[in-house]
Amino acid sequence: MAMSKRKRAEYIRYAQYGVLIVVVLLVAFLADWGQIRRAFFNTDIAASMFPNVITVALKNTIIYTALGFGFGLALGLVLALMKLSSVAPYRWIATVYIEFFRGVPALLVFIGIYYGVPIAFQVQFPPLTTVMLALGGVGAAYMAETIRAGIQAVPKGQVEAARSLGMSQGRAMITVVIPQAFRIILPPLTNELILLTKDSSLIYILGLFREQYELTKFGRETLSRSPSLTPILIAGLCYLIITLPLGYLSRYLERRGTTGSRKKVSA
Amino acid sequence: MSETCVEITGLKKSFGPLEVLKNIDLTVSRGDVVCIIGPSGSGKSTLLRCVNLLEDPSGGKIVVNGTELTDPDVDIDAARTKIGMVFQSFNLFSHLNVLANLTVAQRKVLKRPEEEAKRVALHNLERVGLSEKAYSMPAQLSGGQQQRVAIARALSMNPEVMLFDEPTSALDPELVGDVLGVMRQLADEGMTMLVVTHEMQFAREVADKVIFMDGGYIVEEGPAADVIGNPQEPRTQEFLARVLDPTHHGPSDLV
């Protein structure tokens, strides 16, 4: 066999193209496209979902996610600061919270908050507050660890410079460390926003009214009156409207972070 | 002119079992430039960092501008506003542009109005020759420019004494001169300065007093012409021989 290594690698590559083409052609010819289309894409059903899938379901998904993310970010920051605190009980509380809510399925947490909290504490929250507490409470556990890592990644010299200018520990944290930490963790934080967007599908357990449906509940509800899976496909595509741009944003921020090039920021 | 600005007596500092400073006494008069030289590990940076309490002394007394920093009840944040510090690695706030780096502490700590803070900042940028960089981000500047901004940032607090911790050690050789030039100008204007440095030329020309440290002690101190020009202690002689003429000596057994 007098074939050079490079030549052989080239033939192996051609062979892979060949196999791929054969597989694609086989699938294309053997599949029953009509059946698939009936199962997943019925244009009439798809059309019937508009405009509510956007004006109600997508809107609600975005509202729920935004509320959960906002609350989760605030609580996550508090937990991260507690975890870095010199007061030991703060660290213990934060650790227990983070480990518990990270280790338990979000669905169970939602059930606990929806059914358990009103009984245990004799309070009835409005639906949006429940959603915010449930999604944010779970999101905070994940974000706390990310924020803590970000705070610790800010060079020690930044704090020393701030302190030597007369800033107190807290002032240096707020003015110098936290803004820089958030720049560092923007890419992973964007990823957590994506995860939270998908987790918002679990709040169907909170038994919402029709006008409170988010994408998954809306899709399932339409599905129950439909002979095809079209509503699920449409709902899924709607999630991509949110998550794809966020994914690009995350990668853009990551790239910008590694090259260190930053646009001017006004004073 | 002999008013005391910094007075250190019996200063000790240990990191765990490691004794870095062993009984340091040092007095700096107002308007004086004191250069601290010595081999790495001699404790000179630790000494400097004790002067604004970035390091907490294990013993001894430090008085700066009439305030005893080692008093447990001292308002250290207030005291630090009068003590400017310049670091080897610049430590500019990387998320803020140059002007904001110079105004942030004026605004948040000294509570100066925005207009005044900006005016003070621009004046000090001019002093270090970087007026045109006010709206640049630190990452867009060369090392020498960043260090000059760091000096301007410290000056914007109107300090009574400036501490320099090896301010040119992280710079490319051709950028060292810019920073030393700014420091010399500052010295000429009468600023009280404590400078940890390896720049013997600067120490010789600018310092009113040179201190040679080794092993946690002040081994020799006096006018630059004496300590650098005509050292008396063997440790000082050997150190200076190596620093001033590095290629004509064998491997060191110092430190």
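User: Which residues of β7(B) are buried on one side, and which on the other?

Analyst: Buried means under 20% relative accessible area, exposed over 50%, and partly exposed in between (1.4 Å probe, protein chains only), while strands (E, at least two residues) and helices (H or I, at least four) are DSSP runs numbered from the N terminus. In β7(B), V161(B), L163(B) and D165(B) on one side and M162(B) and F164(B) on the other are all buried, and both faces are covered. This is a predicted model, in which local features need pLDDT of at least 70 and side-chain atom pairs count only at pLDDT 80 or more, whereas totals for chains, interfaces and linings use all residues. Residues are numbered from 1 along each chain as its sequence is written, chains are lettered from A in the order in which they are written, and side-chain values use heavy atoms, without hydrogens and water.

User: Which strands pair with β7(B)?

Analyst: Two strands pair if DSSP finds at least two bridges between them. Strand β6 (residues 83-86) of chain B runs parallel to β7(B) and is joined to it by four bridges, with G84(B) as the bridge partner of M162(B). Five bridges link β7(B), also in the parallel sense, to β8 (residues 192-196) of chain B, where V195(B) stands opposite F164(B).

User: How many salt bridges are there between chain B and chain A?

Analyst: A salt bridge is a side-chain nitrogen of Lys or Arg within 4 Å of a carboxyl oxygen of Asp or Glu. The count between these chains is two, including the one in which the side chains of R163(A) and D77(B) meet (3.3 Å, N to O).
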